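Open the model in a viewer and follow the stops below in order. Each one gives a selection and then says what is there.

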Amino acid sequence: MAKIVMEGREWEVKRRINVLRFLEKEGINPEEVLVLINGKVVTEDAVMEPQDEVKILWVLSRG
Amino acid sequence: MKCRVCKKRAVINLRAQNRGLCEECFDAYVLDRVERTIKRYKMFSRGQRILVAVSGGKDSLGLWDILARLGYEPAGLFVDMGISRGNYYARSREVVESFAQSRGLELVVESLEAWWGRGIEKIGRRVLCPTCGMAKRYLTNRVAADRGYDVLCTGHNLDDEAAVLLSNLLNWQVGYLARQAPVLDSWHPRLARKAKPLVLLTEKESALYTLLRGIEYVEEPCPYSQGATTLRYKRVLNQVEWRSPGTKQRFYTLFLKNKGLFEGVAKEEREGLKECKRCGQPTWEGLCAFCRFMEESHGDFGREVSAGDQV
Ligand SMILES: [Zn+2]
Ligand SMILES: [Zn+2]
């Protein structure tokens, strides 16, 4: 299962899924995040495999 | 996705420019873009004395790093407002100091307490974000102007500027619109010249640069932050950006092209300026906002230090 974390939120995804599809499904705007798969920054067309560790970083500063 | 330049694996899809870039080409792109911004808006040149206002956040540290790599000689300025909640300023200061040390960069540290005998948490009954921001801008400008820096740089990015522009337009703040610019000349000896070299980089690009450079920064905002409105405008603009890539940049750069529309207001404002009776800063009132606030906070300034002694 791909484990996806984003600022306290967590998902587990069983099948391989395209980054963009995942973000759209969760209502996350790709303009506002950086996605790292196994520590590497990827573009929206990358695919998350079941064994991947995925981190989503929110880029907008709040202050 | 592959890099448009070298075909390696892309780390970002620059949709506004319809191209992907790999890690190395993205790094080169950022340096080039900032250098072009500096030239395009005639911000400053090599050999001048440059001061970068650093908060410990990603944009200001990224900017400091970029300017040093481009061969400018930027000093950093950290202003400690005396906020102890969440250990906020202590942690920010640590991050900034270790960044400066690791790169051999000059760092100037100032604190509100050194000027006025106490920090912002001890002035008045409540700490208000706009008040703290005003005082911080005041001190930042004073340090830059009094110490003779040629220019004061801040890390505002395209998302920041587009959000402020939207807010100024929604409220028809013509005075603010007249003053919103990537570079502001000093039109008074006590006003520093100001520049924002990251205005053509999106927040996402700025964040990616800082991440790829391995720069450590403070992620959370100040514990008293009230930046919710600006954040809302940023998000609205990003929704439009996602549907029509390039919107943010067009919105901002076309505004700059049409800024002459507000020249009348700008001129009127400049002509109405007086000097603050306490500190000599240009202001539209008898006292500037900072001195007025200090007087209103019960007239008791603690062991007030004469600002002149500090520089
Ligand atoms: Zn490349
Ligand atoms: Zn004053």
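**Stop 1: a helix pair in chain B**

In this predicted model, begin by selecting B:K58, B:D59, B:G62, B:D65, B:I66 and B:R69 in α2(B), together with B:E203, B:S206, B:A207, B:Y209 and B:T210 in α8(B); these two sets of residues meet. By class, the contact of α2(B) with α8(B) has five charged, three polar and three nonpolar residues.

Two packed helices are described by the angle between their axes and the distance between the axes. The crossing in which α2(B) passes α8(B) is left-handed.

**Stop 2: the largest cavity**

How many cavities of 30 Å³ or more does a search of the whole structure find? There are two. The largest cavity holds about 250 Å³ of space. To centre the view on the largest cavity, select A:E31, B:R15, B:T202, B:E205 and B:E241, the closest to its centre of the 22 residues that line it.

Next, colour the chain B elements around the largest cavity. β1 (12-14), α1 (23-40), α8, α9 (228-243) and α10 (247-257) of chain B each supply at least two residues of its lining. Which of them gives the most to the lining of the largest cavity? It is β1(B), with three residues. Coloured by class, the lining of the largest cavity shows nine nonpolar, eight charged and five polar residues.

**Stop 3: the second largest cavity**

Move on to the second largest cavity, with about 80 Å³ of space. Select A:V33, A:V35, A:V42, A:E44 and B:K204; of the 14 residues lining the second largest cavity, these lie nearest its centre.

Then show α1 (19-25), β4 (33-37) and β5 (40-42) of chain A, along with β1 of chain B: these are the elements that give two or more residues to the lining of the second largest cavity. β4(A) provides the largest share of that lining, three residues. Finish by colouring the lining of the second largest cavity by class, which gives 10 nonpolar, two polar and two charged residues.

Key. Residues are numbered from 1 along each chain as its sequence is written. Chains are lettered from A and ligands numbered from 1 in the order in which they are written. This is a predicted model: local features need pLDDT of at least 70, side-chain atom pairs count only at pLDDT 80 or more; totals for chains, interfaces and linings use all residues. Side-chain values use heavy atoms; hydrogens and water are left out. A crossing is left-handed if the near helix is turned anticlockwise from the far one by less than a right angle, and right-handed if clockwise. Helices (H or I, at least four residues) and strands (E, at least two) are DSSP runs, numbered from the N terminus. Contact means heavy atoms within 4.5 Å. Ala, Val, Leu, Ile, Met, Phe, Trp, Tyr, Cys and Pro count as nonpolar, Asp, Glu, Lys and Arg as charged, and the others, Gly among them, as polar. On a 1 Å grid over the protein atoms alone, a cavity is a set of points where a 1.4 Å probe fits but cannot get out, and a pocket is an open set with protein on both sides within 12 Å along at least five of seven lines; lining residues have an atom within 4 Å of a point. Grid points are joined across faces, edges and corners, and a volume is the space filled by probe spheres set on the points.
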